[in-house]
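Subject: Structure for your files

Dear colleague,

Here is the structure I said I would pass on. My notes follow below it.

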Amino acid sequence: MVTERVGQPALPTIRVACGVLVDGPRILIARRPTGKVGAGKWEFPGGKIEAGETPRQALVRELDEELGIQVTQATPLARLRHAYRDRIIWLDTWRVEAFAGSAVPREGQELAWVEAARAPEYELLGSSWRVLAALRLPRHYAFTPPILAPERWLAQIPALPRGTWLRLRRPAATDVAYVDLARPVARACAAAGVALVVDRMAALEAGIVAAGLHLGGVQLARITARPVDHEIICFASVHDAAQLALAYARDVDAVIVSPLRATPSHPQAQGIGWDAFHRLAVDAGLPAYALGGVGPGDLETVRRHGGFGVAGISAYWSGSS
């Protein structure tokens with residue numbers, strides 16, 4: 001991954017709108033034609049946002065020009081940043097659920113409808129990895145509650161909001177104890193259709209099937225590179241702009257920004273508030289979750305403030321507050 005270099009001339013910034021066309025489990029990718037930067041690599045259709053255009057207007061125009069389709073239903077996915085050696089791309093990405101017409105290559109590109117899980121088999125343009133990760137991310141991210149016995153919250157896993165991912169958080173446990181607990185949690189998650197996130201490499205090394213790895217602040221400060229491949233989503237907890245920059249430099253897929261407000265589990269922590277969360281989320285270049293005093297009902301408020309989703313502990317569990 002290339003990151004901006006301190007002390008070097010600022011790289012030009014390009015704003016781009018791109019669309020992930022969805023057809024059931026399949027998505028549309030396009031191969032850049034000869035003569036273009038990144039020729040031969042695959043990406044999501046889209047192009048530069050022109051002066052005076054909104055991201056959605058640019059999306060509609062670009063997909064008409066490139067594919068001959070008219071977008072009829074599209075939902076904002078994430079605002080992403082990717083640094084190449086000679087430029088910085090800001091991607092306003094959209095999930096395109098419906099369109100009129102049939103997608104055809106109008107600009108010499110090659111098109112392929114592929115299952116999302118198989119897209120990494122193609123030689124992707126660098127920024128496309130971030131889009132793929134955002135496409136997989138949940139809007140709800142629950143953490144296991146510290147004050148409930150495991151048998152109590154294990155029984156509640158099937159009641160989590162649809163599509164929720166679950167982080168097994170046991171900061172005081174040894175690696176051995178953590179792995180021992182992760183085994184029944186993984187089975188319960190699999191039975192309920194909930195994706196599991198672990199925060200110990202020991203769990204992955206022990207063969208625990210997990211969709212993600214979560215890095216705490218200490219772990220983030222210790223690593224020098226992304227610790228897992230792109231098949232596993234990498235989350236990181238951040239509290240300020242410096243940690244956010246470090247998370248980006250370490251190529252994580254999403255950040256959890258906290259604390260938004262004081263909470264029962266961290267009553268001494270002063271919340272940063274919505275304005276500060278908005279500034280961090282907009283500047284992140286990564287999907288950002290709000291954590292601290294928010295719950296499932298706050299999702300739309302979080303998104304209005306530039307966030308991607310909600311993370312929470314007590315808000316997702318009965319009897320934990």
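Is threonine 164 buried or exposed? Please keep in mind that this is a predicted model. Threonine 164 has a relative accessible area of 1%, and the cut-off for buried is under 20%, so threonine 164 counts as buried.

Some detail on its surroundings. Threonine 164 sits in a loop, with helix H3 (150-154) on one side and strand E9 (165-167) on the other. Leaving aside residues up to four places away in sequence, threonine 164 touches His140, Ala142, Val194 and Ala195.

Now the chain as a whole. Nine helices and 15 strands make up its secondary structure elements. The radius of gyration is 20 Å, close to the 20 Å that the globule rule gives for 321 residues, so the chain is as compact as a globular protein of that length. Along the principal axes, the C-alpha atoms fill a box of roughly 60 × 45 × 35 Å.

Of the 321 residues, 50% count as buried. Among contacts with a separation of 6 or more, 62% are between residues 24 or more positions apart.

Regards

Methods
Residues are numbered from 1 along each chain as its sequence is written. This is a predicted model: local features need pLDDT of at least 70, side-chain atom pairs count only at pLDDT 80 or more; totals for chains, interfaces and linings use all residues. Side-chain values use heavy atoms; hydrogens and water are left out. Helices (H or I, at least four residues) and strands (E, at least two) are DSSP runs, numbered from the N terminus. The radius of gyration is taken over C-alpha atoms; the globule rule is 2.2 Å times the number of residues to the power 0.38. Buried means under 20% relative accessible area, exposed over 50%, partly exposed in between (1.4 Å probe, protein chains only). Contact means heavy atoms within 4.5 Å.
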